[in-house]
Amino acid sequence: MTSVKPHLAPWDRNNVLQWLRKNVPEIRIQHILRVETMARDLAQRHQLDQEQAARAGLMHDLAKYFPPKQLLELAQKHQLPIDSIDEANPHLLHAQVSAVVAQETFGIKDSDILAAISNHTLGQPQMSDLSCVIFLADSLEPGRGDRPKVQVAREMSYQNLHHAVALVCDLTLKHLVKTQRLIHPRMVLTRNWAWLEIQS
């Protein structure tokens, strides 16, 4: 059994799994478990706290299937930043709302874990290495396929977190442009930050 470091409060992983089984389809639970595993692996590779990474990975999609109205209401209630892109596509708020659920339902107080959950979809300039790990695990876990560019980014995630974040952002942005979908400005900011980190 993995020991829990002193700064991490005791918790019951099974409670989270039971909650997920009631609120998330099985196919999404399988994705979540793959993210949890990859997050732990990336944390080990980059000498980060594996338990923090696993917890953030397991809880990153708690609000994934909340209805748009509920996401907006919870975001407003907790004074989360909402812009016109969020209003047009409330699903983008599920990452930040998942952090709220992690805090309120499962008592998570670790600010690094909460930030990693909150940042897993759009990223955030200057985000921590733990946030990078969850962002990458969500985008690159094995269930995401083995297209060459995805595989390159996956391999890079074990070598250089910022470079991998930059590659994932580019893949996402190209897809959004190709499919003529809205682009959240935070993804662009994350992309530019990651590329600048590589060059510095």
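How much space lies in the largest pocket? About 940 Å³. A pocket here is an open set of points on a 1 Å grid over the protein atoms alone, where a 1.4 Å probe fits, with protein on both sides within 12 Å along at least five of seven lines. The volume is the space filled by probe spheres set on the points.

Before selecting anything, note that this is a predicted model: local features need pLDDT of at least 70, side-chain atom pairs count only at pLDDT 80 or more, and totals for chains, interfaces and linings use all residues. Residues are numbered from 1 along each chain as its sequence is written, and side-chain values use heavy atoms, without hydrogens or water.

**Stop 1: the pocket**

Select Ser139, Arg144, Thr172, His175 and Leu176. Of the 29 lining residues, these lie nearest the pocket's centre. A lining residue has an atom within 4 Å of a point. Now colour α8, α9 and α10, the elements that give two or more residues to the lining. Helices are DSSP runs of H or I, at least four residues, numbered from the N terminus. α10 gives the most, with six residues. By class, the lining has eleven nonpolar, nine polar and nine charged residues. Asp, Glu, Lys and Arg count as charged; Gly is among the polar ones.

**Stop 2: helix α9**

Select residues 148–157. Buried here are Val150, Ala153, Arg154, Met156 and Ser157. Buried means under 20% relative accessible area (1.4 Å probe, protein chains only). Look down the axis: the buried residues of α9 fall within an arc of 165°, so they line one face of the helix. The arc is taken from the directions from the helix axis to the C-beta atoms. Next, show α2 (26–45), α8 (129–140) and α10 (161–178), which are among what covers these buried residues.

**Stop 3: two cysteines**

A disulfide needs a pair of cysteine sulfur atoms within 2.5 Å. The structure holds zero disulfides. Cys132 is buried, at 0% relative accessible area. Cys169 is buried too, at 0%.

**Stop 4: Ala116**

Move to helix α7 (residues 111–118), where Ala116 is found. Ala116 is buried, with a relative accessible area of 0%. Leaving aside neighbours within four places in sequence, Ala116 is in contact (heavy atoms within 4.5 Å) with Ala56, Leu130, Ser131 and Ile134.

Conventions. Buried < 20%, exposed > 50% of the residue type's maximum accessible area, 1.4 Å probe, protein only.
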